[in-house]
Each structure stands twice: as C-alpha cells, then as structure tokens.
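Colleague: I am new to this structure and would like to learn how to read it. Could you take me through some features one at a time?

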Amino acid sequence: MAERISEIFNAFQDYLNNEEELREEIRAVVKDLDKSARDILMILQNIHSENNMEENIIVSQYCASARELFKDVRIKYSKLALVVPKEQYYRFHDQWRFVTQKLCFLASLIIYLEIKVLVTKETVAEMLGVKDNREDGFHLNLEDYLMGLLQLSAELSRFAINSVTNGDYNRPIEIARFVSELNAGFRLLQLKNDSLRKRFDGLKYAVKKVEEVVYDLSIRGLKPSSNLVTQETE
C-alpha cells in the first residue's frame, strides 16, 4: 500500500514539475513581449512633444519605426503559440492577457495616427501575428482587443490636450469626433465583464475631457471651421 501511494504522489510531482516548466517557458516569452511593448510605447510617446510645421510627417515616421518593432512581436507570438498546448489557450491566457491588451492599444494607436480610423480586430490580429478566430488556433481574444481600444481613448484624450499646447487646434476636433463615435460603439455592447465595464467608465471620462478641450478652443476663438477640419482630414 505504501509503495502504491508513493507511486501515485511521485506521478503528481512529475505533473507539477512539468506544469511549472511550461509556465516558465510561457513567462519567458511574455517577458520578451512586454519588452517589445515598452519599446513601441517609448517611440509612440514622442507624438506628445512635437510642435513644428512638419508634425504629421514626424508622426508618420514614429509609426513606421513602431511597425518595425511589431515584426519582433509577431515572432514572439509564434513562439508562444508553439509553447502553449493546443486546446489549453484559456488555461494559461492570464499570463499574456495584459501584454496583449497593451499591444492591441499600441496597434490601434498606430492605425489611428496613420489613417484616423478605428482598427479592426482582424487587423490587430494580423499585426500581432495571431489568428483572428478561436477556431483557427492561437488567437486574439475579443476582450483583449476591446480593452486595447479603451486604453486608446485615454491616450487620445491626452494627445488632444498636448496638441493644443503645441498649437495644433485641428487635432482635438478630430479626436473628439473619433472618441465620441468609439463611445457610441461601446454603448451598443452589453458589457458583463467587470474589468471592461470599469474601463468603459474611463472612456466616458476621456470623451468629456476632449469635449472640454474643444469647448475651450471655441470660447477662445481658436476652433477651426468645420470645412477646414474636413479638408485636412481628407
């Protein structure tokens, strides 16, 4: 009997050892992903400090540099997909959840800066080098994508304020329109996830902040005409 019990618990220990080794492999890849995310963020944070006539060109250069780093991101996600056992995605998902949300935010920021539109989940998945649909394998979770968009709203509200400081009065109006439409989109969702609901409150705050910036421009007589904004957007 004693030998049988020992055999059973030795098997348990082997399982636990293998489990810890697997988690360590996942952690190592996620750590590399987090470093890439920090490097991309460091590049994109420069958009807040430009104040010259060629700002749009400079912003485009930052986006191009950030896109280059997404090449490494795709390589690292492919490694992660190989490490995580098939059919066990959600068992380990918490380990890469937050870095994926951050990278979704960064991808959405790049797309907004480039063409001023809301990035699709399919495009973000492509930028990360993962599948769009769960059925196809290692994929981009919908909640991670949505959390990234909510982080985007906070960054854009900050960008609107800094743009005014830098003498760009068109951008806050573009941002106000965008975050308002994003807010309307999220209102169509019946959010049951607590973290998403809390982040959504942040979106409403971002909308209010940008609206206040635009109102202040209007009061001070600095708000560009709607025709000028439309032409520059096009």
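Predicted model: local features only at pLDDT ≥ 70, side-chain atom pairs only at ≥ 80, totals over all residues.

Colleague: Where does Glu87 lie, and what is its phi?

Modeller: The general idea comes before the case. Most residues other than glycine have a negative phi. Glu87 lies in the loop between helix 2 and helix 3, and its phi is near 70 degrees, a positive value in a residue other than glycine. Lys116 also has a positive phi, near 60 degrees. Lys116 sits in the loop between helix 4 and helix 5.

Colleague: Is Lys116 buried, exposed or partly exposed?

Modeller: Lys116 is partly exposed, because its relative accessible area is 27%.

Colleague: How do I read the packing of two helices?

Modeller: Two packed helices are described by the angle between their axes and the distance between the axes. Take helix 7 (residues 171–187) and helix 8 (residues 194–219): their axes come within 9 Å and cross at roughly 150 degrees. Angles over 145 degrees count as roughly antiparallel, so helix 7 and helix 8 are roughly antiparallel to each other. Helix 7 passes helix 8 in a left-handed crossing. Residues making this contact include Ile175, Val179 and Phe186 of helix 7, and Phe200, Val207 and Leu217 of helix 8. By class, the contact has 14 nonpolar, 2 polar and 2 charged residues.

Colleague: At what angle do helix 6 and helix 7 pack?

Modeller: The angle is about 155 degrees, with the axes of helix 6 and helix 7 9 Å apart. These two helices are therefore roughly antiparallel to each other, and their crossing is left-handed. Among the residues that meet are Leu149, Leu156 and Phe159 in helix 6, and Ile175, Phe178 and Leu182 in helix 7. The contact of helix 6 with helix 7 has 14 nonpolar, 2 polar and 1 charged residues.

Colleague: How do helix 4 and helix 6 cross?

Modeller: The axes of helix 4 and helix 6 come within 7 Å and cross at roughly 55 degrees. That makes helix 4 oblique to helix 6. The crossing is right-handed. Helix 4 contributes residues including Phe105, Leu109 and Tyr112, while helix 6 contributes residues including Tyr145, Leu152 and Glu155. The residues of this contact divide into 11 nonpolar, 5 polar and 5 charged.

Colleague: Is Glu155 buried or exposed?

Modeller: Glu155, found in helix 6, is buried, with a relative accessible area of 11%. Leaving aside its neighbours within four places in sequence, Glu155 is in contact with Gln45, His48, Phe105 and Leu109.

Colleague: What should I look for in a nonpolar core?

Modeller: In soluble globular proteins, nonpolar side chains tend to be buried together. In this model the largest nonpolar core has 66 residues, and those with the most contacts inside it are Phe70, Tyr77, Trp96, Leu103 and Leu128. Elements giving two or more residues to the core include helix 1 (2–44), helix 2 (55–83) and helix 5 (121–128).

Colleague: Which helix gives the most to this core?

Modeller: Helix 4 does, with 11 residues.

Colleague: Which residues does Leu128 touch?

Modeller: Not counting residues up to four places away in sequence, Leu128 touches Phe70, Val73, Arg74, Tyr77, Thr100, Leu103, Cys104 and Leu140.

Methods: Residues numbered from 1 in each chain as written. Heavy atoms only, no water. Axes fitted to C-alpha atoms, helices over the stretch in contact; angles between N-to-C directions. Helix = DSSP H or I, 4+ residues; strand = E, 2+ residues; numbered from the N terminus. Parallel < 35°, antiparallel > 145°, perpendicular 65-115°, else oblique. Left-handed = near helix turned anticlockwise from the far one by under 90°. Contact = heavy atoms within 4.5 Å. Nonpolar A, V, L, I, M, F, W, Y, C, P; charged D, E, K, R; others polar. Core = buried A, V, L, I, M, F, W, Y, C linked by side-chain atoms within 4.5 Å. Buried < 20%, exposed > 50% of the residue type's maximum accessible area, 1.4 Å probe, protein only.
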